[in-house]
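Work through the exercises below with the model open. Each task is followed by a stepwise solution.

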Amino acid sequence: MAIPQSFIQELLSRVDVVDIVGKYVQLKKGGANFMGLCPFHGEKSPSFSVSPTKQFFHCFGCGKNGNAIGFLMEHAGMTFIEAVKDLAQQTGMVVPEEQQSPEDRARAAAAKAKQDSLSDVLEKAGEAYREQLKITPRAIDYLKSRGLSGQIAKRFGLGYAPEGWRSLASIFPKYDDPLLAESGLVIVNEEDDKRYDRFRDRIMFPIRNIKGECIGFGGRVIGSGTPKYLNSPETPVFHKGRELYGLYEAREALHSAGYVLVTEGYMDVVALAQLGFANAVATLGTACTPDHVQKLFRFTDSVVFSFDGDSAGRRAARKALDGALPYATDVRSIKFLFLPAEHDPDSYVREFGQEAFAEQIKQAMPLSRFLIEAASADCDLQTAEGRARLSSQARPLWQLLPDGALKQQLLSELAQLIQLETAGLEKLWGQQAASEQRFAPAARGTATAPPSASAANAAFSQASSVGSDDYPHFEPHYGEPPAWGMDAALGGSAPGYANAYGNAYGNAGGNFSGSGNWPRKNPNWTPGSKFGNGKYKREQPPVYTGPRTVPASRADHAARLLLGNMALWETLAGEDHAMLCALPAPHGPLFAWLESQFHEQGALGWSTLREHMQGQPFAEDATRWMAQDKLNAVAGSEDATPPDPQEARQELRRLLTMLMIDRLKQLETEALTQASTGQDPEAQQRWRSLHERRKALMAAAAALQAAS
């Protein structure tokens, strides 16, 4: 569904961000703002500020910021749509539906009613299982033998499914109700239409979504039956590849501990919660997927995967590595913990204690080391053939990493092991990727339209930018716009959407003379020349439809990159989302709309987005920005294959970093002003935190520029 921007503005004007945040964080008045301990990272002195006038929160320690919608997305793990609906329910507002036919609205309403009905059925079954546990000594004794208390069993809602084949018939008078089969509680024999309970004689673990609603069950056999663990099947409300057991119960602990521990079983999660590690979750009988990793990083920037040390544990860890690599940015930590084969997390803590297990977590294998270990499997590095095999196995893993310092460091380490120069290895991999793309079936046709969502996602997994030596002087520079000019740009106040976001950010303006006098490394290179230079006639430089066009401002450029390749939204952190959505109109409303579209429908091509945004106030601006793609195209090659998304991702990262640096400069100035007046005793410390963060961002930007 598409939510009108006017409704979002009205919603944000009715809610008080102090009240919303105050439900989760203890706040105290400090000057004009409210202060508290940041819920997104561990700290002892409060650096988390909530402004009632700007209706904005900001942490000066970790950088998290946003409005009431952004807080629910970051803290409660809600999607944009879920956060809007939650706030609307609190204020008594009804979320309108825009650009939907009556048929679409009817289908959406029917789907919502079906989901609510299934959740009600599952909740009722869960209550029945809990009542059965109370009157079944055998089940109680089993839980006690595993060291679980009644308090922890109550917290996780544990229950017991009796041995009978049709025990649920006493709970649901209409045992033939289709909802019982659709929810996965009852199995229907297609041959004779006989029905029976799916779960029998098992300890029942209710699986809850992030809102606490029961969406399925996991059942652990008490005796020696098989299978040992049995999960609910896929249903309209339950998808194994996207849900994590214990995430709802672990939300608060994730923020206080600063990391999440991903285990392999329900019992590990429950037992660890009782033993002092309430920040544990588990996959649901399936390998860890990218959706799992993405969901975890909505709550924390540090993930530790815990696996048994046997071959099965190594295989599971290898699959988790594949899912985690696309999200391994420079500000996130991903580790792999391998316990001795005879131990799981529960047994290890009970035998060696909490401190020993905490030390094991601290010493867990970093993602970089595990990547090299996985790539080196079956490679004899003493031979040229073994090193070549390492190169072949490492390339697809390395390419999954997002651009940044970690990726560059791993390139250097792998180059040393393969015994090649770093530049030579990067060029080799670039040539191999280009060759694969050239001979792929899709590459032989002419690209006349933006890639589809599936093609865009696949490109992020497979593509690699061309080696830096292929076009060593093909590097036009962009005119650098001035720093954030909030007062000048807004004239003292931001109209429309910007006011809804509390004027937290100003528009990043920029001037471009259009003279074409760009500084460049090769003075002989002529932009747009059809004749070229004899020294560089090996191949015509590719047509760059996004990153090579000089925008009117950084915000314009960021909009063009995200509209041209919507899958880039997946690579951004919550702080990036908040910054973009808080920009004044037309940029802020566009980015907020784009985020809602991404959550609802995934990555869409520009032609589809253009159709969907008809009637939106920013539609004309977006079309104009995208039209700039053709300004620098070489005559006769406008329909050439667009550049690799890797470069667009790197350019977007550079833009966002510069925008944040400018924003931090402004906040530093404000903090110094407040410190000089003596009105805010914490202003000086706040300035130091801002200054240190800006220096770190500037260093990262310089490293990225040097790497490119």
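**Exercise 1. How many bridges join strand E12 to strand E14, and which way do they run?**

Step 1. Locate strand E12 at residues 260–263 and strand E14 at residues 302–308. Helices (H or I, at least four residues) and strands (E, at least two) are DSSP runs, numbered from the N terminus.
Step 2. Three bridges join E12 to E14, and the two run parallel. Strands pair if DSSP finds at least two bridges between them.
Step 3. Contact means heavy atoms within 4.5 Å.

The model is predicted: local features need pLDDT of at least 70, side-chain atom pairs count only at pLDDT 80 or more, and totals for chains, interfaces and linings use all residues. Residues are numbered from 1 along each chain as its sequence is written, and side-chain values use heavy atoms, with hydrogens and water left out.

**Exercise 2. Give the strand order of the open sheet of five strands, and find its edges.**

Step 1. The order is E13-E12-E14-E15-E16, with mixed pairing.
Step 2. Strand E13 (280–282) and strand E16 (365–366) each have a single partner strand, so one side of each has no neighbour in the sheet.

**Exercise 3. Trace the pairing of strand E4 on both of its sides.**

Step 1. Strand E3 (residues 48–51) is joined to E4 by four bridges, and they run antiparallel. Ser-51 has Phe-56 as its bridge partner in E4.
Step 2. E3 and E4 form a hairpin with four residues between them. In that turn, Gln-55 has a positive phi of about 55°.
Step 3. Strand E5 (residues 65–66) is joined to E4 by two bridges, again antiparallel. His-58 stands opposite Asn-65 in E5.
Step 4. E4 and E5 also form a hairpin, with five residues between them. Gly-63 in the turn has a positive phi of about 90°.
Step 5. Now the side chains. In a regular strand they alternate between the two faces of the sheet. In E4 (residues 56–59), Phe-56 and His-58 point one way, Phe-57 and Cys-59 the other, and all are buried. Buried means under 20% relative accessible area, exposed over 50%, partly exposed in between (1.4 Å probe, protein chains only).

**Exercise 4. Which residues touch the most other members of the largest nonpolar core?**

Step 1. A nonpolar core is a set of buried Ala, Val, Leu, Ile, Met, Phe, Trp, Tyr and Cys residues joined through side-chain atoms within 4.5 Å.
Step 2. The core has 47 residues; Phe-305, Phe-336 and Leu-367 touch the most other members.
Step 3. Helix H15 (residues 367–375) gives the largest share of this core, six residues.
Step 4. Not counting residues up to four places away in sequence, Phe-336 touches residues including Phe-305, Ala-317, Leu-321, Leu-367 and Phe-370.

**Exercise 5. Is Tyr-142 buried or exposed?**

Step 1. Tyr-142 sits in helix H6 (residues 137–145).
Step 2. Its relative accessibility is 11%, so Tyr-142 counts as buried.
Step 3. Leaving aside neighbours within four places in sequence, Tyr-142 is in contact with Ile-203, Arg-220, Ile-222 and Met-267.
Step 4. Tyr-142 and Ile-203 are 61 residues apart in sequence and 8.9 Å apart in space, C-alpha to C-alpha.
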